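Welcome, and thanks for taking a look at this one with me. Here are a few notes to read alongside the model.

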Amino acid sequence: DEIKNKIKSLGSYQVHDDLRIGIIGFGRFGQFLYEKLKNYASIFVHSRTNYSDICPTFINNLDKFMSLDLDCLLFCNSIVSFKEIVSKLDHDKIKNKLLVDVLSVKNYPKSILMDIPNVDILCTHPMFGPDSAAQSWKDKKFIYEKVRITNKHIFNKFLNIFKSEG
């Protein structure tokens, strides 16, 4: 009782998972995903447009961004720029990472990512976006294909974010 009287609760705090996700492309959809993902993981962002004014973990320099110890790279860029962006990635720096695309056309990004050795690949299609799920992802469809998954631990951590959101 003496100890209980001296300890006061300052509130409850969400414990962040140790998952580290890098988002490439920070347009409307990238920002939409960022707002939810940041509640579950450490998120770092890179885009050709400078978003440092709205994102504290924005990194403008691609080499610096790729030097981070990330578990996942989430491609939220346009389909038109996808191949160019992937071609700029140093394969040694993305080795053993989970590469996740959220582009709406599945065969194209899949074929490009399959050419990268020693990476896990998850092709996804969230069937929702900033307009249809602005308040909640609950009961929204999230379609995915496990193209190449060797690290099930990282894959499950990433997928569990979407499960947690319903």
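Which helix supplies the largest share of the lining of the largest pocket? Keep that in mind while we go through the points; the reply comes in point 5.

1. **Overall layout.** Please bear in mind that this is a predicted model. The protein chain has seven helices and six strands.

2. Of the 166 residues in the protein chain, 44% are buried. The chain exposes about 9,700 Å², and 49% of that area is supplied by carbon and sulfur atoms. Among contacts with a separation of 6 or more, 56% are between residues 24 or more positions apart.

3. **The largest nonpolar core.** In soluble globular proteins, nonpolar side chains tend to be buried together. Here the largest nonpolar core holds 33 residues, and Ile21, Ile23, Leu74 and Phe158 touch the most other members. At least two residues of this core come from each of strand 1 (20-24), helix 2 (28-37), strand 2 (42-46), strand 3 (72-75), strand 4 (98-101) and helix 7 (152-164). Helix 7 is the top contributor, giving six residues. Have a look at Ile21 in the viewer: leaving aside residues up to four places away in sequence, Ile21 touches Ala41, Ser42, Ile43, Phe44, Leu70, Cys72, Leu74, Phe158 and Ile161. There is also a second, separate core of 23 residues, with Ile59, Leu62, Leu68 and Leu73 among them.

4. **Helix 2.** Which residues of helix 2 are buried? They are Gly30, Phe32, Leu33, Tyr34, Lys36 and Leu37. If you are wondering what these buried residues pack against, the partners are strand 1, strand 2, strand 3 and helix 7.

5. **The largest pocket.** Back to the opening question: helix 4 (residues 79-87) supplies the largest share of the lining, with three residues. The pocket has a volume of about 330 Å³. Its lining is made up of 17 residues, and Ser47, Arg48, Asn77, Ser81 and Ile85 lie nearest the centre. How does the lining divide by class into nonpolar, polar and charged residues? Eight are polar, six are nonpolar and three are charged.

Conventions: Residues are numbered from 1 along each chain as its sequence is written. This is a predicted model: local features need pLDDT of at least 70, side-chain atom pairs count only at pLDDT 80 or more; totals for chains, interfaces and linings use all residues. Side-chain values use heavy atoms; hydrogens and water are left out. Helices (H or I, at least four residues) and strands (E, at least two) are DSSP runs, numbered from the N terminus. Buried means under 20% relative accessible area, exposed over 50%, partly exposed in between (1.4 Å probe, protein chains only). Contact means heavy atoms within 4.5 Å. Accessible areas come from the Shrake-Rupley method with a 1.4 Å probe; for residues, only the protein chains shown count as cover. A nonpolar core is a set of buried Ala, Val, Leu, Ile, Met, Phe, Trp, Tyr and Cys residues joined through side-chain atoms within 4.5 Å. On a 1 Å grid over the protein atoms alone, a cavity is a set of points where a 1.4 Å probe fits but cannot get out, and a pocket is an open set with protein on both sides within 12 Å along at least five of seven lines; lining residues have an atom within 4 Å of a point. Grid points are joined across faces, edges and corners, and a volume is the space filled by probe spheres set on the points. Ala, Val, Leu, Ile, Met, Phe, Trp, Tyr, Cys and Pro count as nonpolar, Asp, Glu, Lys and Arg as charged, and the others, Gly among them, as polar.
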